[in-house]
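Work through the exercises below with the sequence and the 3D view side by side, and try each task before you read its solution.

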Amino acid sequence: MKVHGKDGIVKVGDPAVTMAEVGSWNMDDDAETSSGWSKGDVNTTNETTVKTQTGSIELLFDPTDTAGQGAAVPGAELDVELYPGTQEAGAVYYGGKAKITSVGISSPKGEYVSKTVGFVNSDGAGITPQTVAAP
């Protein structure tokens, strides 16, 4: 099944509120590795250890969105829900706790002011795939 990104949204907080003016978001799910080898080995043996999710949210700056954009300040820990597409029952989204690591604002000449919010997972459960429940 194909998912179209035009319907994707980001929700933050508890209770979850939709962040205004989301243009895009991305998340990388990485695993740390530990390498080992013995004398005579040609290749290393690699084992995964812990996972980390990092990402960013690209927005058009909206100073009136105090519960969404305004809650995303460096150091804040927020519940996040990242929806790639629809919010219909059965759809997949990514949810968990995130620590806000950075916030950047750009005001290019002749364009809308944009805001970029960086995050990393903040607990051992991570930011994981979940399914939208039926109403």
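**Exercise 1.** Decide whether tryptophan 25 counts as buried, exposed or partly exposed.

*Solution.* Tryptophan 25 has 21% relative accessibility. Buried means under 20% relative accessible area, exposed over 50%, and partly exposed in between, with a 1.4 Å probe and protein chains only, so tryptophan 25 counts as partly exposed. The model is predicted, so local features need pLDDT of at least 70 and side-chain atom pairs count only at pLDDT 80 or more, while totals for chains, interfaces and linings use all residues. Residues are numbered from 1 along each chain as its sequence is written, and side-chain values use heavy atoms, leaving out hydrogens and water.

**Exercise 2.** Find the aromatic pairs in the whole structure and classify each of them.

*Solution.* Rings of Phe, Tyr and Trp (its six-membered ring) pair if their centres lie within 6.5 Å; planes under 30 degrees apart count as stacked, over 60 as edge-to-face and the rest as tilted. The search finds two pairs. For tryptophan 25 and tyrosine 94, the centres are 6.4 Å apart and the planes stand at 65°, so this pair is edge-to-face. Tyrosine 94, at 25% relative accessibility, is partly exposed. The other pair, tyrosine 83 with tyrosine 93, is stacked, with 4.7 Å from centre to centre and 20° between the planes.

**Exercise 3.** Are tyrosine 83 and tyrosine 93 buried or exposed, and in which strands do they lie?

*Solution.* Tyrosine 83 and tyrosine 93 are both buried. Tyrosine 83 belongs to β5 and tyrosine 93 to β6, ten residues apart, where strands are DSSP runs (E, at least two residues) numbered from the N terminus.

Conventions
Helices (H or I, at least four residues) and strands (E, at least two) are DSSP runs, numbered from the N terminus.
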